[in-house]
Amino acid sequence: MPGPDNPFLLKHLRFCLVLWLLACQVALSAQTLASRPILLAHGFCGSALDFQPLTGPLYQQLPSDLYPSSTVYYVFYDSIKNTTTFLLLAGGLLVPVDQSSIPSSTRLFSIMFYDPNNGGSSDPNNVAKISILNKAYELSQVIKQINAITKTKDSHYRCSQHGWT
């Protein structure tokens with residue numbers, strides 16, 4: 001007789017529940033979780049290089065299957081030239097790199113806010129004179145380029161005390 005007191009029915013319900021949970025676990029483990037790029041954005045009168053002491057410990061806390069490389073690409077947007085430039089730190093100097101050479105698996109970036117006037121500069125004293133609206137536009141252009149490189153379709157940005165991620 002069907003009902004909550006029927007041991008045959010309870011046994012089969014438990015079996016179905018266990019089977020369903022196993023199927024869910026298999027389905028979840030078969031999915032590849034997508035990692036999202038991390039963009040470090042410094043504060044007022046800061047520098048993209050301010051994050052150097054943080055990036056090593058940060059990378060060690062990230063799952064290596066989702067964040068395979070600890071390489072940080074520095075990036076700035078020039079609103080006069082309408083260009084986004086990516087750089088690598090090599091021997092204490094920031095060296096421009098061709099955007100096409102950046103692997104799509106790259107996940108760590110640090111923005112250098114930029115003053116495009118008078119030949120261009122990322123000097124904090126010059127950048128501080130640029131409107132916050134211009135900086136917001138710079139940030140949006142950098143994010144678009146990062147999404148294009150990393151093939152990220154959706155973006156989630158989070159503000160921490162150290163910047164946007």
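**Fold and cores**

Analyst: The protein's secondary structure comes to four helices and seven strands. Helices (H or I, at least four residues) and strands (E, at least two) are DSSP runs, numbered from the N terminus. This is a predicted model, where local features need pLDDT of at least 70, side-chain atom pairs count only at pLDDT 80 or more, and totals for chains, interfaces and linings use all residues. Residues are numbered from 1 along each chain as its sequence is written, and side-chain values use heavy atoms, with hydrogens and water left out.

User: What pattern does the protein follow along the sequence?
Analyst: The pattern reads α-β-α-β-β-β-β-α-α-β-β.

User: How many of the residues count as buried, as a percentage?
Analyst: Of the 165 residues, 32% count as buried. Buried means under 20% relative accessible area, exposed over 50%, partly exposed in between (1.4 Å probe, protein chains only).

User: And what share of the contacts is between residues 24 or more positions apart?
Analyst: Such pairs account for 61% of the contacts with a separation of 6 or more. Contact means heavy atoms within 4.5 Å.

User: Which residues have the most contacts inside the largest nonpolar core?
Analyst: They are L39, F86, F109, I111, V142 and I146, in a core of 16 residues. A nonpolar core is a set of buried Ala, Val, Leu, Ile, Met, Phe, Trp, Tyr and Cys residues joined through side-chain atoms within 4.5 Å.

User: Which elements supply at least two residues each?
Analyst: Strand 1 (38–41), strand 2 (72–78), strand 5 (108–111) and helix 4 (132–150) each do. Helix 4 gives the most, with five residues.

User: What does I146 touch in there?
Analyst: I146 is in contact with P37, L39, F86 and F109, leaving aside neighbours within four places in sequence. A separate core of 13 residues lies apart from the largest one, and includes L40, A48, L87 and L108.

User: OK, strands. Which way do the side chains of strand 5 point?
Analyst: L108 and S110 point one way, F109 and I111 the other. All four are buried.

User: How many bridges pair strand 1 with strand 5, and in what sense?
Analyst: Four bridges, in the parallel sense. Two strands pair if DSSP finds at least two bridges between them. A41 stands opposite I111 in strand 5.

User: And strand 2 with strand 5?
Analyst: Those run parallel too, joined by four bridges. There V75 has I111 as its bridge partner.

User: Where does Y67 lie?
Analyst: Y67 is in the loop between helix 2 (52–61) and strand 2. Y67 counts as buried because its relative accessibility is 11%. Beyond four places in sequence, Y67 touches S35, R36, I38, Y59, L62 and R107.

User: What about D78: which side chain of opposite charge is nearest?
Analyst: K81, at 4.4 Å. D78 is buried yet has no salt bridge, meaning a side-chain nitrogen of Lys or Arg within 4 Å of a carboxyl oxygen of Asp or Glu. Lys and Arg count as positive and Asp and Glu as negative; His and the chain ends are not counted. The D78 side chain does reach the backbone nitrogen of K81 at 3.1 Å.

User: Last one: what is phi at N82?
Analyst: Near 55°, a positive value in a residue other than glycine. N82 is in the loop between strand 2 and strand 3 (83–90). N82 counts as exposed because its relative accessibility is 52%.

User: And K151?
Analyst: K151 has a positive phi of about 60°, and is not a glycine. K151 is in the loop between helix 4 and strand 6 (159–160).

Definitions and conventions:
A polar contact is a pair of N or O atoms within 3.5 Å; within protein, one must be able to donate a hydrogen and the other to accept it, and residues adjacent in sequence count only if both atoms are side-chain atoms.
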